[in-house]
Amino acid sequence: MILKIRAVGEPVLRARAKPMQSEEILLPSTRELIAAMRETLRDAPGVGLAAPQIGLPLQLAVVEDREENMKDLTREVLTERERKPVPFHVIINPVLTLESVAEVEFFEGCLSLPGLMALVPRARKVKVECLDEHGQPKVIRGSGWYARILQHEIDHLLGTLYVDRMRSVSLCTLENFSRHWKGKPISEVKRLLP
Ligand code: ZN
């Protein structure tokens, strides 16, 4: 089932989501919710979807970065972004630790702010302690683009959107991103921005 993705302005996107109890995680309805979120993410398409984005104030998000998402990107772009495929997985009640002080900036978008992108500084390495879809504790270490996805999705669970962290002068439509910035190294983008 494809779920309706909530757009910026919906209060649920600005609320702190509630942690899930073990019994709740194991309910058949939660399994069905996760399956529907996976279908919605692939349909969008996107690389992450948090429960508040489909109107549920729960600390649950799904992440997946498929090889086919990368087919239009050059090797240079993939290398610069440290972007590699990430298998589908679920994060519940995550606790995020930034493991690098160095911040990296790339253009980022969000399914809840359709048609827009901006440069967002993020930590390059993170640790996430969370539960999986079976309620089992796990520790994820992510770097590069995957670390960015994790930070973006965990922000959603705290009511934060990328526009709160973006370099605001870089905000652009997808069309203008393609026209002016696509394919340029980030060092050049930063040099050309006012
Ligand atoms: Zn988002």
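Me: Great. Ground rules first: what kind of model is it, and how are residues numbered?

Reply: This is a predicted model, in which local features need pLDDT of at least 70 and side-chain atom pairs count only at pLDDT 80 or more, while totals for chains, interfaces and linings use all residues. Residues are numbered from 1 along each chain as its sequence is written, and side-chain values use heavy atoms, with hydrogens and water left out.

Me: Are Cys110 and His152 buried or exposed?

Reply: Cys110 counts as buried because its relative accessibility is 9%, and His152 is buried with a relative accessible area of 8%. The cut-offs are under 20% relative accessible area for buried, over 50% for exposed and partly exposed in between (1.4 Å probe, protein chains only).

Me: You mentioned E4 and E5. What sheet are they in?

Reply: They belong to an open sheet of three strands, in the order E4-E5-E8, with antiparallel pairing. E4 and E8 are the edge strands, each pairing on one side only. Two strands pair if DSSP finds at least two bridges between them.

Me: How many bridges does each pairing have?

Reply: E4 and E5 pair over six bridges, and E5 and E8 pair over two. Across from E5 residues, Glu108 stands opposite Ala118 and Phe107 stands opposite Leu119. On the E8 side, Thr173 is the bridge partner of Leu116.

Me: How covered is E5?

Reply: Mostly covered, with six of its eight residues buried.

Me: Switching to charges. How many salt bridges turn up in the whole structure?

Reply: The search finds 14. A salt bridge means a side-chain nitrogen of Lys or Arg within 4 Å of a carboxyl oxygen of Asp or Glu. In one of them, the side chains of Glu105 and Arg167 meet at 2.9 Å, N to O. Glu105 is in strand E4 and Arg167 in the loop between H4 and strand E8 (172-173), so the pair ties together parts that are 62 residues apart in sequence.

Me: How accessible are Glu105 and Arg167?

Reply: Glu105 is buried, with a relative accessible area of 14%, whereas Arg167 is partly exposed at 29%.

Me: Which residues are linked in a network of salt bridges?

Reply: Glu108, Arg122, Arg148, Asp155 and Arg165 are linked that way.

Me: Last topic: how big is the largest pocket?

Reply: Its volume is about 1,200 Å³. On a 1 Å grid over the protein atoms alone, a pocket is an open set of points where a 1.4 Å probe fits, with protein on both sides within 12 Å along at least five of seven lines, and lining residues have an atom within 4 Å of a point. Grid points are joined across faces, edges and corners, and the volume is the space filled by probe spheres set on the points.

Me: What lines it?

Reply: The lining has 45 residues, with Pro45, Gly46, Val47, Arg83 and Met117 nearest the centre of the pocket. H4 supplies the largest share of the lining, six residues.

Conventions:
Helices (H or I, at least four residues) and strands (E, at least two) are DSSP runs, numbered from the N terminus.
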